[in-house]
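Hi,

Here is the structure I promised to pass on. Have a look at it first, then read my notes below.

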Amino acid sequence: MKQLLHSCPLSPSGDDAVAVGLGSAAVLILPAAALGGANRLVHLPLQHADGEEVPGVFAVAVFPDGDSGGVVAAVARGDKTLSLYRVGPADSAAEAPPAVLLTPRRISCLAFASVPSGTEAGTPEQIVLCGDYTGDVHAFPAGRGAPAARRLMLGHTASMLTCMALEDPSRGDGDGDRGTLLVTGDRDERIRLSRFPQTHEIAGYCLGHDGSVTCVDIGRAAGSGLVLSGSGDGTARVWDAEDGGCAMASYGWEDTGAKNGSGAAVRSVAMARDGSGLMCVIREGKGCVEVLSLKREGGRSDGT
């Protein structure tokens, strides 16, 4: 599994910056309204000798850079490296060279977060969360000049971690009473809900897929936090973010393509943060984005 598309909102416009991985290349798409000027396509190159093969991209992520007003992007590659790139608000190229960190395993998914630094000033510290192919999530400091020390955040009992999503309060995610939620999915059909940054506190599990969990996202509808997941079993499911209870809605397609014959595997999902209940799904081999609507009637959710 690879995370080859990731976005984040930029102030003050709210327009998204987008990171994309394509084979061995990685690029940023920066919106004009957020950073001024025209839309920009910024390449994120990896330094290598002439004739040397460039390792493939396994995961990408992007996050606002509070220090410069631009963005910081992370690119994980098949050689177990994690490169951190910084692009200023008016830059047409990333700062060179990028900071390159070595990871213990190949990375399958990434997410950025801000945590208290522990200093007297309490200045937030930027970290990047790395989910790997042995089921662990490690945190690396992402600040400029920060030491390359890593911290183990959680593990999925030796199952390959396939996807990860972290609530973002700036997008209306989360609940002040329960704190921030970190959602991780694995190859063994499980979705784990963990408190963040106290990831040893497990809020619950979402169980019900019959195939590998391929993608997850977090959103809201009717005032409630929700988790949206996709799977190789050809279904997309919606879960209660409070405890991961039973699926509130399940979407399946009767077509061919998945190994179990139930439908084409779901490869990517996204849920609106505005409470509208709109969801986007990309299924393998379909060549389109399918838009679904979540409706809640009498405490029950139904998909249309």
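This is a predicted model: local features need pLDDT of at least 70, side-chain atom pairs count only at pLDDT 80 or more; totals for chains, interfaces and linings use all residues.

Residues are numbered from 1 along each chain as its sequence is written, and side-chain values use heavy atoms, with hydrogens and water left out.

There are 2 aromatic pairs (rings of Phe, Tyr or the six-membered ring of Trp with centres within 6.5 Å; planes under 30 degrees apart are stacked, over 60 edge-to-face, the rest tilted). Phe58 and Tyr133 sit edge-to-face, at 6.0 Å centre to centre and 70° between the planes. Phe58 is in strand 5 and Tyr133 in the loop between strands 10 and 11, so this pair ties together parts 75 residues apart in sequence (strands are DSSP runs of E, at least two residues, numbered from the N terminus). Phe58 is buried at 13% relative accessible area, while Tyr133 is partly exposed at 25% (buried is under 20%, exposed over 50%, partly exposed in between, with a 1.4 Å probe and protein chains only).

The other pair, Phe63 and Phe112, is stacked because the ring centres are 5.6 Å apart and the planes at 25°. Phe63 belongs to strand 5 and Phe112 to strand 9, 49 residues apart, and both are buried.

Cheers

Key: Helices (H or I, at least four residues) and strands (E, at least two) are DSSP runs, numbered from the N terminus.
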